[in-house]
Amino acid sequence: MNFLALLVMLIPAILLIAVFFLLRKKQLIPARVFLIIGFTLAFSVLGLLLLELSDVLTDSHYQEIGNTITHNLEFPTDENQQRYQLIGLSHAATGMAQYAQKNTEQRGECTRNISEIVSFVLNEDHYPVVSNRRLWKDNIFEIIYINNILAQYEIVKGTDTLSALHQRMNDYLAGTLVKSRYKNLQSFDGDVNYWTADNTYLIFGLQSTDRITGQNTAGRPTKDWSSFIFKQITYPDSKLPCSAFSDTDKCKEMPHGTHLATMIASLADVDPESSRQIWREYRHHYKNGVFGLFATFDQYHPEETPPAYQNSIRHPLDAISPEMPTLIAAARINDRLTYFQITNQLWLNEVFGSAPAPQPKGYEWKNFLELSLRFEAETVF
């Protein structure tokens with residue numbers, strides 16, 4: 001698969017070299033220019049591929065995330081930053097657990113890092129909802145991500161049993177989703193929307209827990225979610241799941257790139273058919289750059305007018321670059337061409353783009369979330 005991805009990315013270079021052979025007998029100097037450019041591009045492609053396969057970037061991101069968890073993990077006062085932080089910690093924990101599987105000498109350090117995350121999210125000063133089950137129904141967003149963090153901790157420890165809290169939390173999410181009218185749960189108290197990506201991440205957490213126990217608590221929720229969504233909550237023509245719906249609006253929020261990528265990645269193992277169905281549509285409508293070295297993804301549906309001003313973020317996934325969750329989606333769906341095209345684009349942005357402005361203390365967690373998403377994607381292969 002890596003070879004096929006490499007071959008497609010080399011197409012522009014191959015075409016340039018082909019021009020050399022067409023022109024070399026009539027216009028030698030221009031032909032040589034095409035040859036030099038072609039070989040330069042080819043070596044660039046090989047260099048970028050080897051850089052990604054070498055795990056140099058993965059190791060660097062691992063150290064950066066670990067340093068943040070160990071030395072800079074503080075609860076922010078801003079509500080949006082709290083949400084970025086929690087999603088980021090969940091993806092960091094998943095990445096750490098996957099990193100430990102491939103780097104067994106780092107298992108102890110990964111376990112300590114995830115243990116720090118667990119202690120942080122179970123701290124009642126940060127999340128008082130955890131110890132009060134009566135508050136769970138109004139704080140589903142927090143419970144979804146904390147449940148996955150607990151699962152990743154037990155995975156990295158190599159246990160085959162759940163803690164009492166994790167068992168209660170996991171059973172609550174699975175049972176409540178199955179019993180729910182729309183086979184989705186509302187993420188936020190006071191918000192009438194059902195955010196579909198959050199519910200697929202709920203399923204991902206159930207499946208991660210099933211890896212520990214050998215049970216199948218994710219099976220029924222996945223089947224019910226897929227059946228309802230694909231019959232009721234897809235956008236016309238594209239057949240992509242809407243990002244949010246309500247009791248009165250089947251498509252309150254049109255399909256957004258970050259939400260779709262989260263759905264694809266979350267369902268890749270537990271419901272590969274639905275995951276690939278969404279991926280094909282998502283790639284067709286949102287991907288920029290089918291062949292060649294680079295690719296980006298749009299956030300908004302082609303038929304949706306992007307907002308002129310982002311006065312308030314309705315969901316934290318709407319604030320981040322779509323390339324980051326799409327990296328995880330491409331990795332879990334095993335689309336290595338798209339994966340390498342995105343990593344190449346990220347490299348290009350980092351080398352030739354302007355450096356992001358430093359964030360004030362307590363407001364840097366969106367950057368941490370994007371880093372955690374990238375790290376998790378890098379640990380899939």
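Reader: Is Arg332 buried or exposed?
Author: This is a predicted model, and in it Arg332 is found in helix 13, residues 323-333. Buried means under 20% relative accessible area. The value for Arg332 is 15%, so Arg332 counts as buried.

Reader: Which residues does Arg332 touch, and with which side chain does the side chain of Arg332 make a polar contact?
Author: Leaving out residues up to four places away in sequence, Arg332 touches Thr94, Gln98, Phe204, Ala265, Ala268, Glu376 and Val380. The polar contact, at 2.8 Å, is between the side chain of Arg332 and the side chain of Gln98.

Reader: What span should helix 15 have, and how far apart are its end C-alpha atoms?
Author: Helix 15 covers residues 365-378, which is 14 residues. The expected span is 1.5 Å times one less than the number of residues. For helix 15 that gives 20 Å, and the two agree because the end C-alpha atoms are also apart by 20 Å.

Reader: How many residues of helix 15 are buried, and which are they?
Author: The buried residues are Trp365, Phe368, Leu369, Glu370, Leu371, Ser372, Leu373, Arg374, Phe375, Glu376, Ala377 and Glu378. Helix 15 is therefore largely enclosed by the rest of the structure, the buried count out of 14 residues being 12.

Reader: At what angle do the axes of helix 7 and helix 9 cross?
Author: Helix 7 spans residues 140-157 and helix 9 spans residues 196-213. Their axes come within 9 Å and cross at roughly 25°. Angles under 35 degrees count as roughly parallel, so helix 7 is roughly parallel to helix 9. The crossing is left-handed, and its angle is roughly 25°.

Reader: Which residues of helix 7 and helix 9 make the contact?
Author: On helix 7 the contact is made by Phe141, Ile144, Tyr145, Asn147, Asn148, Ala151, Gln152, Glu154 and Ile155. On helix 9 it is made by Asp198, Tyr201, Leu202, Phe204, Gly205, Leu206, Ser208, Thr209, Arg211 and Ile212.

Reader: Why does Ser226 count as buried?
Author: Ser226 is found in helix 10, residues 219-232. The cut-off for buried is under 20% relative accessible area. Ser226 is buried because its relative accessible area is 9%.

Reader: Which side chain is joined to that of Ser226 by a polar contact?
Author: Apart from neighbours within four places in sequence, Ser226 is in contact with Asp271 and Ser274. A polar contact of 2.7 Å joins the side chain of Ser226 to that of Asp271.

Terms used. Residues numbered from 1 in each chain as written. Predicted model: local features only at pLDDT ≥ 70, side-chain atom pairs only at ≥ 80, totals over all residues. Heavy atoms only, no water. Helix = DSSP H or I, 4+ residues; strand = E, 2+ residues; numbered from the N terminus. Buried < 20%, exposed > 50% of the residue type's maximum accessible area, 1.4 Å probe, protein only. Polar contact = N/O pair within 3.5 Å; in protein donor to acceptor, adjacent residues only side chain to side chain. Contact = heavy atoms within 4.5 Å. Axes fitted to C-alpha atoms, helices over the stretch in contact; angles between N-to-C directions. Parallel < 35°, antiparallel > 145°, perpendicular 65-115°, else oblique. Left-handed = near helix turned anticlockwise from the far one by under 90°.
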